[in-house]
Amino acid sequence: MLNDFFEGMVGGPTPEELAFTKDALIQAMNRQYESMRALSGLLDDVSRYGWSDDFLLERRKTLEAIGTQELGELAKRYLHPDRANILVVGDAATVRAA
């Protein structure tokens, strides 16, 4: 069960998974700065971290440009199932039965 999960992660997302995730992230970005308080926070971050004035546009372009192959390569570089530690929290009887 966990091996299937890790193999799927290391293999990278399917085109459908990637499209769904991109759409969700873009929608979240669009809603993230709807209030004046949020916009003020963004301007503070731009100033504090030296981000460019077009930071949000560049972030969106990067998100739109990434593909399944690039994500698969990143997963292979950073996900190592053979070195993973898994913590399971819950009722021992129920968890062990699964």
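Which side chain meets that of Arg60 in a salt bridge? In this predicted model, the partner is Glu64, with an N to O distance of 3.0 Å. Both residues belong to helix α4, where a spacing of 4 residues places them about one turn of the helix apart. Arg60 is classed as partly exposed, at 30% relative accessibility, and Glu64 likewise counts as partly exposed, at 41%.

Helix α4, which spans residues 55-65, also holds Glu58 and Lys61. The side chains of Glu58 and Lys61 are joined by a salt bridge of 3.7 Å, N to O. Because Glu58 and Lys61 are 3 residues apart in this helix, about one helical turn separates them. For Glu58, the relative accessible area is 34%, so this residue is partly exposed.

A search of the whole structure finds 3 salt bridges. Among them is the pair formed by Asp44 and Arg48, whose closest N and O atoms are 2.8 Å apart. Asp44 and Arg48 lie in helix α3 (residues 36-49), 4 residues from each other, or about one turn of the helix. Asp44 is partly exposed at 36% relative accessibility, whereas Arg48, with a relative accessible area of 52%, is exposed.

A nonpolar patch on the surface was also identified, formed by Ile86, Val88 and Val95. Together, these residues present about 240 Å² of accessible area. Val95 is located in helix α6, which covers residues 92-97. The relative accessible area of Val95 is 36%, and the residue is therefore partly exposed.

Definitions and conventions: Residues are numbered from 1 along each chain as its sequence is written. This is a predicted model: local features need pLDDT of at least 70, side-chain atom pairs count only at pLDDT 80 or more; totals for chains, interfaces and linings use all residues. Side-chain values use heavy atoms; hydrogens and water are left out. Patches are made of residues with over 30% relative accessible area and no salt bridge: like charges are joined within 9 Å, nonpolar side chains (Val, Leu, Ile, Met, Phe, Trp, Tyr) within 5 Å. Accessible areas come from the Shrake-Rupley method with a 1.4 Å probe; for residues, only the protein chains shown count as cover. A salt bridge is a side-chain nitrogen of Lys or Arg within 4 Å of a carboxyl oxygen of Asp or Glu. Helices (H or I, at least four residues) and strands (E, at least two) are DSSP runs, numbered from the N terminus. Buried means under 20% relative accessible area, exposed over 50%, partly exposed in between (1.4 Å probe, protein chains only).
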